[in-house]
Amino acid sequence: MSAAMLDIRDVSKVFPISRGMFRGGAKLTAVGGVSLSVAPGEVLGIVGESGCGKTTLSQIMLGLLPPTTGEVTIDGQPLKSLGRLDIARRVQPIFQDPYSSLNPRQTIQEIVSVPLVVHGIGSSAERAKQAAAMLDLVGLPARFLDRLPSQLSGGQRQRVAIARALILKPRLLICDEPTSALDVSIQAQVLNLLADLRRELGLTFVVISHNLSVVEYFADRIAVMYLGRVVEEGPSAAIFANPHHPYTRALIDSALPIDPGGGIPELGLGQAFPDPINPPPGCAFNPRCPAVRPDCASRMPRLDAQGESRVACLYPLERGAVAAPASA
Amino acid sequence: MSKPATPAVATTAPESRPAPFRRLLKRIVGNSGTLVGGGLLLLIVLAALLGPVFYPQDPFAQDVANRIAEPFWNGGPAIHPLGTDTLGRDYLARLLYGGRISLLIGVLAVSMAAAIGVTLGLVAGYFGGRVDLVVRFLITTRLAMPVVLVALSVVATVGNSLTIVILVLGFLIWDRFAVVARTTAMQVRGIDYVKAARAVGSSHARIIFKEILPNISNGLIVVATVELANAILLEAALSFLGLGVQPPLPSWGLMIAEAKDYLFFSPWLITLPGIALVLLVLAINLLGDGVRDITAPSGTR
């Protein structure tokens, strides 16, 4: 993994929380000691429920938030040593909601060519030509150039956002829930577009999603996050076929069955998501874990190799095991 | 950058709507307040700008033989349609010229206030944190200062002139611009297109002026109209108190002040500039309300 496209090592992000004038400030650990690495051309999927630190991690990877500890390297260069424009040329984001990621006051041409203006690339005629070429690449006709975002549908807007992200020719794209805000029929189109672009341009992707089927379709490797930490990480096929962490297992089981009579799956994850300001002691998942054992609340598991994956669980599930409550 | 309005495009577009400009025009025509206010304001501005060109009387020439001449409806001389003031100066000429002064002071003071307030508000709303703390302190400090008292002390120390009045007003009415710019900038700051602009490597200045400012301009335009009316009224009040425009210059507030001794015997002297002032402020306020309604998201009726 020496030639990793993106390498993050021991990255944490702690936000100070103000609780009013007379109580001391609290600390919220949004991301705690995450190490991940993405090879060139690979797609890493990051999954986890809302509030687990996925979006904070994506902001750190984009250089928009400085990590509290740890280091991010892109293409062998530490993010800290790169300037604003250098980072932008290497990594670009695609946001969840195409209704808020495009400035409503700018035409599509302005939106797509802004990166070129900021980086001082080309004359205005060349920029217009490049913008048209980018629209063509993402499957939009050039006549959209003069339109405003309000005249486009959600899927078209997301294509514009992709065109803007690609015009600087970055090698890494960070997609934060790229399809969650779209209609189901449009989701597939956008995913296919991303897959085509990946093949044509040799892009590396980090795809953040709570939607397992999106990640399963798109990702080579998957990292599962829970409360700011990676609890399981490995090849996509292995994770889906043989999840080792009870949380991964529950996430996979939580996907709704296609059979409408199947009902909503019962996961045995009774409690709500824990308060990230006061994380539970030991393994953070222990209050909700269906296979919890007594020492889970006192010992913090490390991310250790388990088969093809790495798992942070004291008692990882074996192949084919069902997440049933342990008979204690 | 013309809008594509050919029917071929409209039929293939996912949602074919009328071009934005036509939609806007429709909204303006549908809003009677805007039409009345805008029309009236246009009339006053044209009269103030072009009136002195076409109306031959000199607003400063004294015709002492014709002091306090009656206006035409009281059978006054035809040479002074709205009569003359206490020094025999033509009243219509002074009204037209005074309109220029009022508009000049209003527009310059509001532009200055907008420049100060919008800059402070944008910077505070965008950066937040300590910058915001400082700007909030400046806003509260400004709100704690009574305009007339500050104007009084400034005029007492440096004397009064047109420039001083404009400067004093400009430095005293920026608070609403700052408050509105700050809150709206805070709302816009967290939206994804601002994050996208940052990720693309845009400088802070570029984000503030290209991404945020265009998206908060609607509210600022409404503030500008309110403050324009406010500035014109303040100027009239300051002039009435003798703290504003200096006497040979005709200002509506000053004309009211000069005419107050003649209220009972020559009421038109005070009524005419009063009506002019009311119409101007009313026109600006109607236009401002109209702009607010038209640009509101639910502005289509």
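Predicted model: local features only at pLDDT ≥ 70, side-chain atom pairs only at ≥ 80, totals over all residues.
## Fold of chain B

Chain B contains twelve helices and zero strands.

Chain B has 301 residues, of which 42% count as buried. When contacts in chain B are limited to residues at least 6 apart in sequence, 69% of them join residues at least 24 apart.

## Contact between chains A and B

Chain B contributes 22 residues to the contact, and chain A contributes 25 residues. On the side of chain B that touches chain A, two or more residues come from each of α9 (192–199) and α10 (204–240) of chain B. The element giving the most to this side is α9(B), with six residues.

In terms of residue class, the side of chain B that touches chain A comprises eleven nonpolar, four polar and seven charged residues.

## The largest nonpolar core

In soluble globular proteins, nonpolar side chains tend to be buried together. The largest nonpolar core in this model has 164 residues. Those touching the most other members are Met61(A), Leu135(A), Val206(A), Val224(A) and Leu169(B). Helix α4 (residues 91–127) of chain B supplies the largest share of this core, 17 residues.

Which residues does Met61(A) touch, not counting residues up to four places away in sequence? With that exclusion, Met61(A) touches Leu6(A), Ile8(A), Val72(A), Val91(A), Ile174(A) and Val206(A). One of these, Val206(A), is also listed with Met61(A) among the core residues that touch the most other members.

## Positive phi angles in chain A

Most residues other than glycine have a negative phi. Asp75(A) is not a glycine, yet it has a positive phi of about 55°. Asp75(A) is located in the loop between β4 (69–74) and β5 (77–78) of chain A. Asp75(A) counts as partly exposed because 16 other C-beta atoms lie within 10 Å, whereas a buried residue needs 20 or more.

Glu177(A), likewise not a glycine, has a positive phi of about 50°. The loop that holds Glu177(A) runs between β7 (172–176) and α6 (184–201) of chain A. Is Glu177(A) buried or exposed? Glu177(A) is buried, because 20 other C-beta atoms lie within 10 Å and the cut-off for a buried residue is 20 or more.

Technical notes
Residues numbered from 1 in each chain as written. Chains lettered and ligands numbered in written order. Contact = placed C-beta atoms within 7 Å. Helix = DSSP H or I, 4+ residues; strand = E, 2+ residues; numbered from the N terminus. Nonpolar A, V, L, I, M, F, W, Y, C, P; charged D, E, K, R; others polar. Buried ≥ 20, exposed ≤ 12 C-beta atoms within 10 Å, placed from the backbone. Core = buried A, V, L, I, M, F, W, Y, C linked by C-beta atoms within 7 Å.
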